[in-house]
Amino acid sequence: MMEQIINIDRMEHAAALFGSFDSNIKIIEDEFGVRVHARDSELKISGDAEGVLKASKVIDSLLNLLNRGEQLSEQNITYCISLVNEGSEEKIESLASDCVCVTSKGKPIKPKTMGQKRYCSAIENNTITIAVGPAGTGKTYLAVAMAVTAFRSKEVNRIILTRPAVEAGEKLGFLPGDLQSKVDPYLRPLYDALFDMLGAETYQKYLERGNIEVAPLAYMRGRTLDDSFIILDEAQNTTSEQMKMFLTRLGNNSKMVITGDVTQIDLPSGAKSGLKEAVRILKGIKGIERLTFSEKDVVRHRLVQDIIRAYEKAQERRNS
């Protein structure tokens, strides 16, 4: 049995560390098999030597995040634990980075994992960024945040968001209603992200002025997109021809971000994914960055990580 004492300077940090009904500290206790007790300004960690050492590293890291104004959640606690288990705890401090964007309600948007941090940096430093990874890794949301930041700082004049309407085979005329009602179901996740960043009223104003465009991929053909921040979402559902068409829309002073999950391809059987092909073909071209997210970058509910791992294991069994 080993014990270690950690001093806490501010009592509000102790309350944030323990969380509601001690929920935060229980995550750490269960992970490392330790007990954590608080008395006045001291935290006592007891258990076997390895567990105490790792738990103290996690707690020190979380206190540093609190000192830098970060809020604790189940997501960043479990992510800190994973970094400590990997021996990469020195990376945790960089998570308290500058915010990417501030939402219409004043909430700062920041990268929550090292993968997300690399993603934002890649978008900033490259003309085309291709991000591949599972659901819940913030691919679309962070891309929209970067687009809004570029628009607010007048780096671009337009934000263009698009995705393939695979379920209707891009033949949207068969759906009832006007053009807007035809495409809304496919583009709803993009609307939601923009509403969050700008607010519905500001979004509508920019939409009417033509500064924001949300359209299915079929409507990109034949255009040259200058001074624009262009996001192609759900790119795994593009065909090779559609992906080439989209990439060649790039105009002067524009950025493109392409996101997708190659494990969720909805194309007809036998059709090749344009995203998978683009990742292979565009390798090594200067100005184009490719990133791959893992389940560790998932920032939704903890169970999403477990679900992704379960499906990956099932796929491995089928392939073996």
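**Reading the labels on a predicted model**

Mentor: Leucine 303 lies in helix α11, which covers residues 302-319, where a helix is a DSSP run of H or I with at least four residues, a strand is a run of E with at least two, and both are numbered from the N terminus. This is a predicted model, in which local features need pLDDT of at least 70 and side-chain atom pairs count only at pLDDT 80 or more, while totals for chains, interfaces and linings use all residues. Residues are numbered from 1 along each chain as its sequence is written, and side-chain values use heavy atoms, with hydrogens and water left out.

Trainee: Why is leucine 303 called partly exposed?

Mentor: Buried means under 20% relative accessible area and exposed means over 50%, with partly exposed in between (1.4 Å probe, protein chains only); leucine 303 has 41% relative accessibility, and therefore counts as partly exposed.

Trainee: Which residues make the nonpolar surface patch of about 330 Å²?

Mentor: That patch is made by Leu303, Ile307 and Tyr311.

Trainee: Why is cysteine 120 called buried, and what makes cysteine 101 buried?

Mentor: Cysteine 120 is at 6% relative accessibility, so it counts as buried, and cysteine 101 is buried because its relative accessible area is 3%.

Trainee: How do you know that cysteine 120 is too far from the closest cysteine sulfur for a bond?

Mentor: A disulfide is a covalent bond between the sulfur atoms of two cysteines, and here the term is applied to a pair of cysteine sulfur atoms within 2.5 Å. The closest cysteine sulfur to that of cysteine 120 belongs to cysteine 101 and is 11 Å away, which means that it is too far for a bond; the structure as a whole holds zero disulfides.

Trainee: What makes a set of residues a nonpolar core, and which residues touch the most other members of the largest one?

Mentor: A nonpolar core is a set of buried Ala, Val, Leu, Ile, Met, Phe, Trp, Tyr and Cys residues joined through side-chain atoms within 4.5 Å. The largest such core has 36 residues, of which Tyr119, Leu194, Val214 and Phe229 touch the most other members. Its largest share, nine residues, comes from α6, and a second, separate core of 29 residues includes Ala14, Val58, Leu72 and Met114.

Trainee: What is phenylalanine 229 in contact with, leaving aside its neighbours within four places in sequence?

Mentor: With contact meaning heavy atoms within 4.5 Å, the partners of phenylalanine 229 include Ile123, Met146, Ile160 and Val257.

Conventions:
Patches are made of residues with over 30% relative accessible area and no salt bridge: like charges are joined within 9 Å, nonpolar side chains (Val, Leu, Ile, Met, Phe, Trp, Tyr) within 5 Å. Accessible areas come from the Shrake-Rupley method with a 1.4 Å probe; for residues, only the protein chains shown count as cover. A salt bridge is a side-chain nitrogen of Lys or Arg within 4 Å of a carboxyl oxygen of Asp or Glu.
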